[in-house]
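Please look over the sequence and the model before reading the points below.

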Amino acid sequence: MELDFDACYRAVSARDARFDGRFYTAVKTTRIYCRPICPARTPAARNVRFYRHAASAEAAGYRPCKRCRPELSPGDPGWDTRGDLIGRALRLIDDGAADEDGVAGLARRLHITERHLHRLFVAELGAGPLAVARTRRLLLAKQLLTETALPVTDVAFAAGFGSVRQFNATMRETYGFTPSELRATAGGWARVSAPVPTADPVPGAASLRLRLHRREPYEVAGVFGFLAARAVPGLEAADATAYSRNMPGGTITLTAHPGHLALDVTVDDTRQLARIVARCRRLLDLDADPEAIRDALGRTSLAPLVEARPGLRVPGTFDGFELAVRAVVGQQISVAGARTLLGRVVARAGSDGRLFPTAAELLDADLTGLGLTGRRVTTLKELAARVAGGLIDLDGAQEPAEAVKELLAVPGIGPWTAGYIALRALRDPDAWPTGDLVLDRRMAELGIPKDHLERWRPWRAYAALHLWSHR
């Protein structure tokens with residue numbers, strides 16, 4: 001995708017936060033690349049180039065700015081809107097897939113050849129998937145060195161490097177300084193901050209805090225209130241400004257602060273940090289584009305709702321399969337009733353009674369006597385079998401329409417359930433839970449005809465949240 005030079009330069013000159021994360025400004029004279037909001041003096045137009053992705057700037061020989069810190073940029077919302085193969089590949093890279101399985105494994109998960117994946121990345125971003133993964137590792141390492149007291153050795157492995165030696169060499173080659181040199185000059189945002197205590201601390205685990213930046217406006221109460229109403233006993237806890245949960249090997253707590261969210265992590269394997277950060281960003285919908293959503297929905301029958309709550313977001317999920325189980329269990333019962341049943345599922349089938357069961361664990365679990373109907377149990381077992389067998393991928397690899405098609409093939413999953421899963425787990429901004437009684441009632445109360453659904457594209461998921469939360 002070509003960037004409009006004049007539009008980008010105007011955004012940089014105005015330090016327009018709406019463009020943060022959408023592109024990066026590289027300065028030829030300093031060999032540094034910045035966010036559009038960088039407080040440094042705006043360089044002359046003749047001395048700048050614009051790149052769609054940080055990896056593209058680094059591949060061209062530029063280093064990240066220490067003032068505006070590109071590692072803190074929110075993600076580009078355009079990829080979720082498009083939902084294409086590149087967007088799904090970027091999501092998997094953020095999730096650590098390339099670190100675990102290499103680019104070849106990433107390509108296999110997307111069901112294409114490695115060569116084709118590389119060609120698509122170079123054409124779209126100007127850098128291959130390996131370069132994108134390396135940039136993600138370096139920027140995460142830069143944030144960990146700056147904001148935490150995690151030892152350099154642990155930072156190397158947490159960021160996805162195979163060895164400390166490789167980490168040192170890559171950072172010196174790419175950024176011109178070693179990890180120790182960066183830490184010596186960094187201010188340290190949260191090194192002395194104690195993480196918020198969680199219910200089930202993991203003995204011997206590392207504890208640290210990171211900042212997660214967001215686009216404004218951002219309605220904290222809307223997101224955290226939604227999660228709090230659906231918090232599963234024994235697994236999660238939430239209120240109007242904080243959310244915590246158990247996860248394999250540790251716990252996370254997210255708390256709201258002006259301009260950012262604080263992520264407190266306790267984890268026994270720091271190599272999971274990249275995945276944790278990526279999933280927390282999706283859970284809280286931090287990379288959405290509220291301006292684009294308001295511009296589109298604000299011209300429709302939803303205008304009063306959008307103007308009243310311009311920062312409303314679509315809460316995601318920490319795990320796609322977990323959300324699908326929640327959707328099935330929640331069919332035709334109250335939110336409170338679904339919480340109770342899900343708490344029983346966690347206690348019966350989850351590891352140590354504190355983690356949500358994986359697809360394989362749920363497939364093997366005895367779900368009788370929990371209050372679930374026989375039909376629900378059959379649906380859950382079939383869903384678990386298809387996810388465990390790789391027919392359904394709910395964590396980013398599968399094209400949303402294909403995933404919905406596979407979900408609808410599961411007995412007991414209809415359009416409402418599939419649409420709800422697409423809305424929250426697949427992060428499809430245009431998903432709509434067809435047949436939702438609350439949505440139908442709210443539209444009738446507001447006098448909105450059914451054909452207005454087409455006018456809300458491609459943001460129908462956000463339209464649904466506005467209607468669900470309208471009082």
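A residue counts as buried when its relative accessible area is under 20%, and as exposed when that area is over 50%. Y24 has a relative accessibility of 8%, so Y24 counts as buried. The model discussed here is predicted.

**Overall form**

- The protein has 22 helices and 9 strands.
- Its radius of gyration is 22 Å, close to the 23 Å that the globule rule gives for 471 residues, so the protein is as compact as a globular protein of that length.
- Along the principal axes, the C-alpha atoms fill a box of roughly 65 × 55 × 45 Å.
- Of the 471 residues in the protein, 57% are buried.
- The protein exposes about 19,400 Å², and 53% of this comes from carbon and sulfur atoms.

**Nonpolar cores**

- The largest nonpolar core contains 64 residues, and L383 and W456 are those with the most contacts inside it.
- Leaving out residues up to four places away in sequence, W456 touches L297, T300, S301, L302, D430, W432, M443, I448, A463 and L467.
- Another core, of 50 residues, lies apart from the largest one; V152, F161, L208 and F318 are among its members.

**Aromatic pairs**

- How many aromatic pairs does the structure hold? There are 12 aromatic pairs.
- One of them joins Y24 and Y33, with 5.9 Å from centre to centre and 90 degrees between the planes, which is an edge-to-face arrangement.
- Y33 is buried because its relative accessible area is 0%, and Y24, at 8%, counts as buried too.
- Y175 and F177 form a tilted pair, because their ring centres are 5.8 Å apart and their planes stand at 45 degrees, a value that falls between the limits of 30 degrees for stacked and 60 for edge-to-face.
- Y175 and F177 are both buried.
- F5, Y9, F19, F23 and F50 are linked into a cluster by ring pairs.

**Charges over rings**

- Which ring does the charged end of R31 sit over? The charged end of R31 sits over the ring of Y62, at 4.0 Å from the ring centre.
- The charged end of R230 sits over the ring of F226, at 3.6 Å from the centre of that ring.

Conventions
Residues are numbered from 1 along each chain as its sequence is written. This is a predicted model: local features need pLDDT of at least 70, side-chain atom pairs count only at pLDDT 80 or more; totals for chains, interfaces and linings use all residues. Side-chain values use heavy atoms; hydrogens and water are left out. A nonpolar core is a set of buried Ala, Val, Leu, Ile, Met, Phe, Trp, Tyr and Cys residues joined through side-chain atoms within 4.5 Å. Buried means under 20% relative accessible area, exposed over 50%, partly exposed in between (1.4 Å probe, protein chains only). Contact means heavy atoms within 4.5 Å. Rings of Phe, Tyr and Trp (its six-membered ring) pair if their centres lie within 6.5 Å; planes under 30 degrees apart count as stacked, over 60 as edge-to-face and the rest as tilted. A charge sits over a ring if NZ of Lys or CZ of Arg is within 6 Å of the ring centre and within 35 degrees of the ring normal. Helices (H or I, at least four residues) and strands (E, at least two) are DSSP runs, numbered from the N terminus. The radius of gyration is taken over C-alpha atoms; the globule rule is 2.2 Å times the number of residues to the power 0.38. Accessible areas come from the Shrake-Rupley method with a 1.4 Å probe; for residues, only the protein chains shown count as cover.
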